[in-house]
Amino acid sequence: KLSIKDLHFDGVPVRIYLPRVPSASKQRGVIFFHGGCGMFGSIRSHERICRYIARNSDSVVVSVGYRLSPEYKYPAQTLDCLTATVHFLKTAENYGVDPDRIIVCGDSAGGAFTATVCQELVNRRDIPKIRAQVLIYPFLQALNFNLPSHQKNAFVAFLSRERTVRFILKYLNKDTSMKEAILAGSHVPESMNLKYKKWINPDLIPEIFKLGYKPPLPASFLPQVHEETKELFETRLSPLLAEDAVVCRLPDTCIITCQHDVLRDDGLLYKKRLEDNNIKVTWHHIEEGFHCALGFFGYGIFSFPSASKMVNHAVNFIK
């Protein structure tokens, strides 16, 4: 049902999935950024997901093979995603795609790249506007690792709380010995904590998600760790820290969160920020879902029902 081609968009490798049956009118386009902490994953690892989205939403899907860290230093990953997106927005009609119906989608770190790309393009006048964004269990902030979901899912398989911070430090080519200080919050000066409290705060999480939550003891600030990890506060890494002037101009959004996921509250906090800025949000919460479940999609008996739910929620939103 699909014609599949490997191409380069301004030097960035992409795989494009085109429905074989010609459409009477121009089709919608979906740009997909795979997850994997910016260090793992590939076009191939998300092949089944992209084929399914293309077939079932009758869309042209572009899967982006951005360069991986640590071989290519941050922010090469975000820049590749941005380059491929801008190229597709400008050339969509060559692929039978309506440039005003392009949706950006990603899971985990790919969700972070999706959020960042949408934020960085809000002020561009020379290209069509992105129609919508789909964030599947996205990573969105590196300020606070003591939110209710971090506590509740600290030791969950695939992505524990400790592993999350270790991966971020590895992604940024930083010394992983700073992990404990960051988990405690010692990398954040008090002034910054006060500034971002209005957006990143356990009080903003609905009560139903806070059962058993214990506020952590305040950590002493370590200026040296802060200096070493300043990238953690850039909106390219922590899109949740973007100013309201940017957030209020974002496209319609679909957010998918999972109950058994350290990053669950990142999605919940971004949902609240978007809604506070009058952005239309469609939210799906998968009770039995966990981080990385999507990676098993389409593998027969090894596939989890939660993975199918996520992909189908995304497809229905895209349609």
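In this predicted model, L237 touches Y74, F139, L140, A142, I168, Y171, L172, E231 and L232, leaving aside residues up to four places away in sequence. L237 belongs to the largest nonpolar core, which has 75 residues. Together with V64, F88 and Y270, L237 touches the most other members of that core. Two domains contribute residues: domain 1 (2-142 + 235-318) and domain 2 (148-230). The core therefore lies between them. In soluble globular proteins, nonpolar side chains tend to be buried together.

Charged side chains also pair up. The structure holds 19 salt bridges. One of them joins D6 to R15, with the closest N and O atoms 2.7 Å apart. D6 counts as exposed because its relative accessibility is 54%, whereas R15, at 17%, counts as buried.

A salt bridge also links E47 and R51, again described by an N to O distance of 2.7 Å. Both residues sit in helix 1 (residues 47-57). They are four residues apart, so about one helical turn separates them. E47 is buried, at 11% relative accessibility. R51 is partly exposed, with a relative accessible area of 35%.

Another salt bridge is formed by K179 and E180, whose closest N and O atoms are 3.9 Å apart. K179 is buried, with a relative accessible area of 14%. E180 is exposed, at 52%.

Technical notes. Residues numbered from 1 in each chain as written. Predicted model: local features only at pLDDT ≥ 70, side-chain atom pairs only at ≥ 80, totals over all residues. Heavy atoms only, no water. Core = buried A, V, L, I, M, F, W, Y, C linked by side-chain atoms within 4.5 Å. Buried < 20%, exposed > 50% of the residue type's maximum accessible area, 1.4 Å probe, protein only. Domains from an automatic or database assignment. Contact = heavy atoms within 4.5 Å. Salt bridge = Lys/Arg side-chain N within 4 Å of Asp/Glu carboxyl O. Helix = DSSP H or I, 4+ residues; strand = E, 2+ residues; numbered from the N terminus.
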